[in-house]
Amino acid sequence: MIAADRIMTTVGRFAPSPTGPLHAGSLLAAFGSWLMARRRGGLWHVRIEDVDRVRAVPGMAEQQLTMLQAFGLDWNGPIVRQSDRDALYQQYHDWFGERWWMLPNPSYGSWEPALFDNNFKQPREARRAAKRAALEVAP
């Protein structure tokens, strides 16, 4: 059963991508989320969306956090970085993949999400054959 105090807690979040400095629109979105959470006595979390490793700029996340603090925005708990959760995402990717619950990704023309490296998976034809075999009913 869920505790009543958990149901009533407002939680806001802001998830910048460290690909460049915060612009006015991002800062406004952060402020709105922070203000709503704080006005309701809730929590506000920051999660760094650093999954685009090609475009991420070294040190930019720290600069963005400094800017949030300069505008008086404080957060609860530790800063979560998406890249620190790769193993967790891989675990769920594998779990869903084993159950064939993935949707096709047009950019790959296969069943894997674009976020993950596809080199560890079997070729599409082998996966399809395995799925067909799993669906066959024994005589």
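Visitor: How much of the protein chain counts as buried?
Guide: Of its 139 residues, 25% count as buried. Buried here means under 20% relative accessible area, exposed means over 50%, and partly exposed lies in between, using a 1.4 Å probe and protein chains only.

Visitor: Where does this model come from?
Guide: It's a predicted model: local features need pLDDT of at least 70, side-chain atom pairs count only at pLDDT 80 or more, and totals for chains, interfaces and linings use all residues. Residues are numbered from 1 along each chain as its sequence is written, and side-chain values use heavy atoms, leaving out hydrogens and water.

Visitor: Okay, what's the secondary structure of the protein chain?
Guide: There are 5 helices and 3 strands, in the order α-β-α-β-α-β-α-α from the N terminus. These are DSSP runs numbered from the N terminus: helices are H or I with at least four residues, strands E with at least two.

Visitor: Let's look at H3. Which of its residues are buried?
Guide: In H3, residues 60–70, they are Met60, Ala61, Gln64, Leu65 and Leu68.

Visitor: Why are they on the same side of H3?
Guide: Because they cover an arc of only 140° around the axis. That arc is taken from the directions from the helix axis to the C-beta atoms.

Visitor: And which residues are exposed on the other side?
Guide: Gln69 and Ala70.

Visitor: What do the buried ones pack against?
Guide: Strand E1 (11–14), helix H2 (24–39), strand E2 (43–48) and strand E3 (80–81). A contact means heavy atoms within 4.5 Å.

Visitor: What follows H3?
Guide: Glycine 72, with a positive phi near 85°.
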